[in-house]
Amino acid sequence: MRTLYHLLFLSLAVLVVEGCYNRPSTSALAEIELLAEKDLDIAVEKLDSINYDNLNESDRSYYILLQTIIDAKNGKAMTEDSRIAVAFHHFSEKVLEGHDNSTEVVSHFAKSAMYMGDWYALVDSMKPCEEAYRLSIQYAEKAHDTHTTYCALSRLARRVVYSDAEEALNLIRQALDVFEKQPDGDLNHLSLLNDVANYSFLVAFYSDNNFDQACEYANRELALATEKHIPTGINQSQCFF
């Protein structure tokens, strides 16, 4: 009988050890997020190797966020069946209800809010889209996540340009200020400068009072892009239409 109990104990211990070994930790997912900035292919392989069903609720939300980030970096268009809402609501509950205000979780919330805004834009739900982008900007700034701040500002500028050119111009100015503060090593993944420059031209079209200022911002962005060898597909002559 004692031998049977001993065998049962050993079997249980093995199962516990295997379960812990096979369950990726948050730190492993964080490593994949960092890797996505350096080697996207390897980041995809590592993420694909993780069994989603083995993750706890928090890590599942992080997994979905990483999948969304990687898909965006690979140029894969978001679809209506995206699971980003799962991550957004999870991190929203943690941050907005005060359960976890660590820098990492606040940054995850800011990123998920930005991609939630993308989803709302996809389904033509403009008011929630703008609200999600504003949430993203607010909490990205709290987390000192300048990349997400920049990207969310760019996205929001694109959404409001047709209804409020003045605000769009202000958002572009903020995005440019964020971009100019980035260290050189961080500029490669900020290729959305192209978008911000083009939004400046849109603002110029839709703003009677700030045409010159919009062009000035566009030219500054174009000069930065040229200096950092970021292709924009535009040239300075376009600022004068």
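**Entry 1: Helix H2 and its cover**

I looked up what covers the buried residues of helix H2 and found that the cover includes helix H3 (40–48), helix H4 (57–73) and helix H6 (103–122). I note that the model is predicted, that local features need pLDDT of at least 70 and side-chain atom pairs pLDDT 80 or more, and that totals for chains, interfaces and linings use all residues. I number residues from 1 along each chain as its sequence is written, and side-chain values use heavy atoms, with hydrogens and water left out.

The buried residues of H2 (residues 26–35) are Leu29, Ile32 and Glu33. They lie on the same side of H2, because they cover an arc of only 100° around the axis; the arc is that of the directions from the helix axis to the C-beta atoms. Glu31 and Leu34 are exposed on the other side of H2. I use buried for under 20% relative accessible area, exposed for over 50% and partly exposed for values in between, with a 1.4 Å probe and protein chains only.

**Entry 2: The protein as a whole**

I recorded 11 helices and zero strands in the secondary structure of the protein. Helices (H or I, at least four residues) and strands (E, at least two) are DSSP runs, numbered from the N terminus. Of the 241 residues in the protein, 41% are buried. The protein exposes about 13,400 Å², and carbon and sulfur atoms supply 51% of that area; accessible areas come from the Shrake-Rupley method with a 1.4 Å probe, and for residues only the protein chains shown count as cover.

I also looked up how far along the chain the contacts reach. Among contacts in the protein with a separation of 6 or more, 62% join residues 24 or more positions apart. Contact means heavy atoms within 4.5 Å.

Axes are lines fitted to C-alpha atoms, for helices over the stretch in contact, and angles run from 0 to 180 degrees between N-to-C directions. Angles under 35 degrees count as roughly parallel, over 145 as roughly antiparallel, 65 to 115 as roughly perpendicular and the rest as oblique.

The crossing of H4 and H6 is left-handed. I use left-handed where the near helix is turned anticlockwise from the far one by less than a right angle, and right-handed where it is turned clockwise. H4 contributes Tyr62, Leu65, Thr68, Ile69 and Ala72 to its contact with H6, and H6 contributes His108, Lys111, Ser112 and Tyr115.

I then turned to H4 and helix H5 (residues 84–96), whose axes come within 8 Å and cross at roughly 130°. That angle makes H4 oblique to H5, and this crossing is left-handed. Residues of H4 that meet H5 include Tyr62, Leu65 and Thr68, and those of H5 that meet H4 include Ile84, His90 and Phe91.

Thr68 counts as buried because its relative accessibility is 10%. Residues up to four places away in sequence aside, Thr68 touches Met78, Ile84 and Tyr115.

I located Tyr52 in the loop between H3 and H4. Its contacts, leaving aside neighbours within four places in sequence, are Arg60, Tyr63, Ile64 and Arg83. Tyr52 and Ile64 are 12 residues apart in sequence, with 9.2 Å between their C-alpha atoms.

**Entry 3: H8 and H9**

I found that the axes of helix H8 (residues 146–160) and H9 come within 9 Å and cross at roughly 160°. H8 is therefore roughly antiparallel to H9, and H8 passes H9 in a left-handed crossing. The contact includes Tyr150, Leu153 and Ala157 of H8 and Glu167, Leu171 and Phe179 of H9.

I checked Glu167, which is found in H9 (residues 165–180). Glu167 counts as partly exposed at 22% relative accessibility. Not counting residues up to four places away in sequence, Glu167 touches Arg134 and Val160. The C-alpha atoms of Glu167 and Ala157 are separated by 7.6 Å, and the two residues are 10 apart along the chain.

**Entry 4: Positive phi values**

I noted that Asp124, although not a glycine, has a positive phi of about 60°. Asp124 is in the loop between H6 and helix H7 (126–142) and is exposed, with a relative accessible area of 67%.

I noted a positive phi near 55° for His144, also a residue other than glycine. His144 lies in the loop between H7 and H8 and is exposed, with a relative accessible area of 68%.
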